Protein chains: 2
Amino acid sequence: MTRPNPDIRWLFEPRSIAVIGASHDADKIGHKMLQNIITSGYPGRIYPINPKGGEILNHQVFKEIGAVPGEIDLVVTVVPGKYVFDAVRAAAAKEAKFNLIISSGFSEVGNSEEERRIVSFARENGMRILGPNIFGLYSAKAPVDITFGPGGIVPGQVAIITQSGALGLAMIGKTAAEHIGISAMVSVGNKADLNEADLIDYLVKDENTRSILMYVEGVRDGARMIETLKKATALKPVVVIKSGRSQRGAAAAASHTGSLAGSDEVFAAVMRQAGVLRAESIKEGFNLCRFLSRTGIPNGPNAVIVTNGGGIGVLATDACEKHGVALLDDLQRLQEVFGPVTPGFGSTKNPIDLTGGATDREYEGALAAALENDAIHVVIALYCETAMFDVDKLSPLISSTHERYEKAGKPVIFSAFGGGSIDDNIARLAEEQIPVFDDVYEAVACVGGLYKHYRHRITPPLPAEEIEMDRPAIDEIVRGARADGRTFLLADEAQKLMRIVGVPMPQSKVAHNLEEAVAIAEEIHYPVVMKVVSRDILHKSDAGGVALDLEDRNEVIDAYQAIMRNARAAVPTARITGIEVAEMIQKGLELIVGARQDPGFGPIVMFGLGGIYVEVLKDISFRAVPLNRAEILSMMAEIRAYPLLRGVRGEDPKDIDKVVDAILRIASVIRQVETITDIEINPLVAYEQGQGARAVDARILLAKV
Amino acid sequence: MTRPNPDIRWLFEPRSIAVIGASHDADKIGHKMLQNIITSGYPGRIYPINPKGGEILNHQVFKEIGAVPGEIDLVVTVVPGKYVFDAVRAAAAKEAKFNLIISSGFSEVGNSEEERRIVSFARENGMRILGPNIFGLYSAKAPVDITFGPGGIVPGQVAIITQSGALGLAMIGKTAAEHIGISAMVSVGNKADLNEADLIDYLVKDENTRSILMYVEGVRDGARMIETLKKATALKPVVVIKSGRSQRGAAAAASHTGSLAGSDEVFAAVMRQAGVLRAESIKEGFNLCRFLSRTGIPNGPNAVIVTNGGGIGVLATDACEKHGVALLDDLQRLQEVFGPVTPGFGSTKNPIDLTGGATDREYEGALAAALENDAIHVVIALYCETAMFDVDKLSPLISSTHERYEKAGKPVIFSAFGGGSIDDNIARLAEEQIPVFDDVYEAVACVGGLYKHYRHRITPPLPAEEIEMDRPAIDEIVRGARADGRTFLLADEAQKLMRIVGVPMPQSKVAHNLEEAVAIAEEIHYPVVMKVVSRDILHKSDAGGVALDLEDRNEVIDAYQAIMRNARAAVPTARITGIEVAEMIQKGLELIVGARQDPGFGPIVMFGLGGIYVEVLKDISFRAVPLNRAEILSMMAEIRAYPLLRGVRGEDPKDIDKVVDAILRIASVIRQVETITDIEINPLVAYEQGQGARAVDARILLAKV
């Protein structure tokens with residue numbers, strides 16, 4: 001009789017909270033947490049649990065959780081590690097829905113077994129675990145601060161999920177100091193049960209949350225995470241800070257795809273695919289989230305820079321190019337809009353340079369003009385301290401402009417550069433949660449993030465595609481290899497599997513007589529190659545059993561006879577099954593295509609050009625599976641050498657569709673056939689459009705049993 | 001009778017200043033400047049000049065500069081543009097040494113002629129001009145603030161040179177607000193006479209200046225700038241912020257080298273070559289300079305991260321990898337040094353993780369241990385707000401640690417992350433000009449800058465190298481082409497020029513009879529190609545006048561006879577001079593090597609791999625000329641495909657020395673022969689080590705007369 005999973009809502013909006021390990025000692029975490037719950041204005045019922053009983057902070061203490069009169073949505077467990085299991089059992093008996101296990105001493109110090117025991121007991125009893133090894137959770141919706149942090153969290157619209165406890169605690173203070181409004185902050189710790197994906201499921205629907213920031217050290221159940229993130233980024237921006245990017249020398253990998261799949265390249269590609277923004281530092285993550293939580297989506301691609309300083313205007317232009325922000329370049333329209341509000345020596349080209357002589361009225365006028373024009377979709381407002389501009393008017397001007405833009409749904413970002421009074425203005429605006437940057441690069445980087453999100457949002461999501469395949473036939477090949485004690489397929493097994501899947505290998509058939517050989521050759525089209533097929537002849541070339549580049553019927557006839565004669569002469573006792581007639585692989589563009597089971601993200605695919613492009617230039621790209629043809633195409637277009645596929649120096653374009661198709665097919669195998677861990681086609685030779693592609697060699701590895 | 005150039009010292013340390021255009025009106029720039037000079041505590045003599053006479057700010061006004069009793073080192077000109085020339089004439093008559101022309105209305109609005117007239121008059125009279133179109137100059141040495149900025153500049157050790165006036169003025173306020181100490185701040189404006197190089201000549205010697213920040217929009221006299229910067233960076237760090245990087249579609253260029261030399265790539269390469277650090281934003285520039293002005297050069301490459309938070313430790317590790325900061329990885333030594341001071345659950349691997357449980361005493365202990373050990377060359381001290389660490393002790397701890405490290409000459413950098421009280425600590429330390437970052441990435445980026453500077457400093461500077469060449473012979477070729485009305489050389493002219501310079505072209509000689517043909521072929525070594533030489537046969541191939549891939553004596557004899565026979569048959573009246581016997585170019589690695597006169601930096605060279613590497617992948621690198629073999633090698637090593645020259649996939653390394661030599665030779669031509677603007681060898685075929693390289697085709701362009 002297992003209880004169903006509780007609704008994730010009760011984790012963020014608990015109606016009652018029990019603290020197992022609530023302490024009378026004000027120095028203890030079990031006291032601090034209770035205090036934060038109370039002082040954060042939590043309106044629900046609070047049940048401190050402590051065998052000593054009594055009262056803590058004016059709340060009646062229950063000696064055991066079973067003695068609590070009402071239902072409990074959320075339990076906080078703050079007892080030493082060795083007592084956690086018993087506490088969890090008691091909470092489960094009380095049918096508590098969620099359990100925040102603050103206690104440490106589990107998998108983070110190698111004690112994974114106890115952690116697993118706790119989680120499986122809880123799950124069997126319908127209770128979900130957050131943690132262990134966490135600092136807790138804050139939710140503005142409740143509102144409640146169930147952490148042992150410093151308190152004082154400013155409610156707002158940024159949700160933060162952090163895997164690092166210490167960093168998360170320090171973020172509480174830092175966000176408060178910088179007036180970054182928080183809708184939720186969750187410590188996920190060891191992620192023994194609930195992980196980021198579960199939390200995002202809630203945060204995506206939470207109308208308080210307008211942007212989500214994640215600090216991630218390692219990924220668990222990456223496939224589900226991708227799926228959740230894809231859904232989330234269709235509605236609101238998600239920013240991730242990933243640490244531990246420089247992990248090199250991980251496990252020696254068994255294939256190219258493996259060794260090239262340095263975890264950070266894969267992480268970066270998968271996040272891009274899921275529409276997630278990547279921040280390199282905490283500061284960058286904060287900047288992005290505070291801006292994105294106060295702005296809507298632009299109505300189009302064109303940004304305008306309004307500045308009262310030429311130098312910072314040029315710096316912003318550079319930054320726009322770097323961050324992929326398009327600047328409106330319709331000079332006539334710019335003149336129409338800004339001509340009437342730009343002083344004499346100014347420029348109405350983009351950047352709109354009002355010059356250092358601009359007053360606050362002129363500055364405000366230009367921003368008002370930009371707001372009204374529909375061809376302008378985002379405004380980057382730069383201010384440089386001058387004597388002409390009354391600095392006391394700066395923060396009211398920004399505040400009212402920001403409000404008007406917000407109402408009109410047009411994004412605007414501000415950057416102000418100057419002395420102490422400018423910084424005071426910025427600080428005043430920060431209190432209103434209006435982000436003003438003191439550096440144009442930081443401001444433009446945020447607009448770049450907004451546009452990345454915008455481009456993702458306007459790209460219609462296409463369903464994942466997958467190829468159907470003859471599973472029994474594939475399983476038989478795998479079974480055969482395993483029966484042989486192998487964790488890889490032989491060349492002919494791999495070739496057979498590729499044919500089943502529909503990846504074009506060189507055509508080939510075995511002829512049993514001369515007439516058949518000619519018929520096969522004509523069917524395949526010349527030129528062909530021929531090889532003797534005999535178990536008794538190991539070194540076919542040495543035995544004169546191979547003939548290449550046969551261009552017509554006569555050459556096939558001659559070669560057939562020569563091969564038979566040579567083979568019999570070389571190994572007189574050989575039993576000759578026949579002669580294989582195969583397509584001769586023409587020169588084309590050599591590609592490398594791989595698929596593998598990534599330890600973090602599950603099935604992924606890889607693409608690059610063969611040879612030195614992959615070995616020396618590391619010019620490769622990745623995507624997570626499942627995916628569709630459009631995503632495969634975007635993966636291919638990501639490599640630097642992509643123009644070679646499109647055709648350069650007068651060459652015709654290559655058959656890109658057929659390459660996409662081959663990748664989709666191996667992606668389908670890696671997703672459907674769990675026993676296959678790695679597939680690598682090297683090379684996949686691509687020909688001109690309409691001429692297809694051929695997989696010359698395929699390496700396939702199997703999971704160890 | 002021209003006066004000699006005045007010593008640049010009197011610009012920064014003037015003994016007397018005259019302000020032409022000093023105003024009685026407190027709202028005017030001519031008043032504000034005088035006020036700043038006075039209130040900045042300038043100890044020298046001050047002479048306000050104004051035809052109205054009287055007194056301004058308690059200083060006697062002179063009606064004309066000629067009436068000033070003593071010598072004048074520095075004149076400030078604040079009159080309207082049309083009166084500037086007359087003012088300059090008067091100042092020159094008074095034998096003033098330097099003239100700061102604040103006034104605008106010159107080349108920045110197209111009025112270059114008047115600007116040139118002013119400068120040449122001044123120069124002829126031994127007076128140097130700063131500007132026009134500037135906000136002035138601040139010098140801590142004098143001390144004096146000769147600007148119309150807000151005042152309040154904090155004296156210190158960072159020198160700033162800015163081409164943007166508005167930005168520079170705002171920097172005055174910003175640096176003061178951030179307690180960035182300034183040794184000098186100079187506005188260069190139109191750079192009509194004095195430019196960055198002149199100022200750096202002084203700042204390099206100025207013991208107050210420990211780092212130099214330049215904001216540059218465009219380069220003038222780049223060759224001299226490089227030379228000056230190379231000298232400067234050998235002694236102190238120089239940081240440059242370059243704006244206007246996204247200038248695309250500049251002049252359509254006449255060669256590959258030209259079209260690929262997008263100004264920013266060249267600028268970046270040249271700054272790297274000169275050892276200059278590049279900052280992308282003003283904030284990054286400020287961060288670098290404030291750190292570098294308070295730290296010495298490390299004694300070695302090994303950094304150690306000390307942290308009380310695991311998460312920020314990992315983020316810092318990532319940042320170290322990105323910014324090229326090596327982390328000490330001698331685990332035994334790390335254990336020896338930090339074992340005694342690291343708490344139980346901590347880690348003595350690098351990062352040294354003292355854990356969130358660390359007290360201020362433990363933190364201080366670890367930093368003291370790191371200071372004492374000679375194997376540790378730089379310390380990155382990270383602090384994450386925790387309950388265990390008494391936050392009131394943070395700024396005294398950082399202050400005393402910083403002092404001890406400074407005394408010992410070991411660089412240390414701090415980053416602190418947390419709530420408002422942490423930010424207060426950071427602000428308090430900033431007042432002592434101790435930079436503490438609130439983001440680990442910014443801190444590590446500064447250490448990365450320090451190590452770039454360090455690596456530059458420990459690389460022994462080698463003299464520039466140049467090849468001597470037969471100038472008269474080259475000039476004759478150029479003259480011939482010009483006489484023909486061409487601005488390019490014909491193939492055989494270019495070939496001849498390359499031979500003169502010593503760039504290996506395919507060997508070739510003209511044989512006048514069969515015996516000579518055989519002798520030449522044996523001298524060159526087989527295989528050879530042969531071509532008829534005759535003015536009367538234009539299409540040699542069509543006339544059967546060409547034979548390729550001749551592998552031995554007999555083939556040469558047959559070919560000679562066949563060519564003569566064919567040629568005579570094709571054009572019976574042809575006068576045949578002989579038959580050219582030439583080396584046949586073998587397959588090798590195709591490189592592209594170029595040299596050109598860059599409009600900003602003068603002579604530059606370019607290197608890349610031929611074909612798609614340069615066309616599709618844009619995998620190229622640049623250097624300014626003059627340079628030496630080591631610099632050429634480092635330019636070559638910069639391209640991504642460089643491993644192909646070192647030999648990959650079992651191939652032998654290529655003859656890198658010979659490629660270096662070829663580049664040095666064309667670099668010498670472009671520097672010595674002003675009439676040649678572009679040289680491009682495409683391809684230069686490189687063979688295995690010891691086998692040399694061959695220039696297959698050389699394009700040479702000439703300056704338009």
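B:Ile49 counts as buried because its relative accessibility is 5%, buried meaning under 20% relative accessible area and exposed over 50%, with partly exposed in between (1.4 Å probe, protein chains only). The model is predicted, with local features needing pLDDT of at least 70, side-chain atom pairs counting only at pLDDT 80 or more, and totals for chains, interfaces and linings using all residues. Residues are numbered from 1 along each chain as its sequence is written, chains are lettered from A and ligands numbered from 1 in the order in which they are written, and side-chain values use heavy atoms, leaving out hydrogens and water.

B:Ile49 lies in strand 2 (residues 45–49) of chain B; helices (H or I, at least four residues) and strands (E, at least two) are DSSP runs numbered from the N terminus. Leaving aside residues up to four places away in sequence, the contacts of B:Ile49 include B:Val19, B:Ile20, B:Phe62 and B:Ile65, a contact being heavy atoms within 4.5 Å.

In chain A, the buried residues of helix 4 are A:Glu114, A:Glu115, A:Ile118, A:Val119, A:Phe121 and A:Ala122. They cover an arc of only 165° around the axis, which puts them on the same side of helix 4 of chain A; the arc is that of the directions from the helix axis to the C-beta atoms. Helix 3 (81–93), strand 6 (98–101) and strand 7 (128–130) of chain A are among the elements covering these residues. Exposed A:Glu113, A:Arg116 and A:Glu124 sit on the face of helix 4 of chain A turned away from its buried side. Just after this helix, A:Gly126 takes a positive phi of about 75°.
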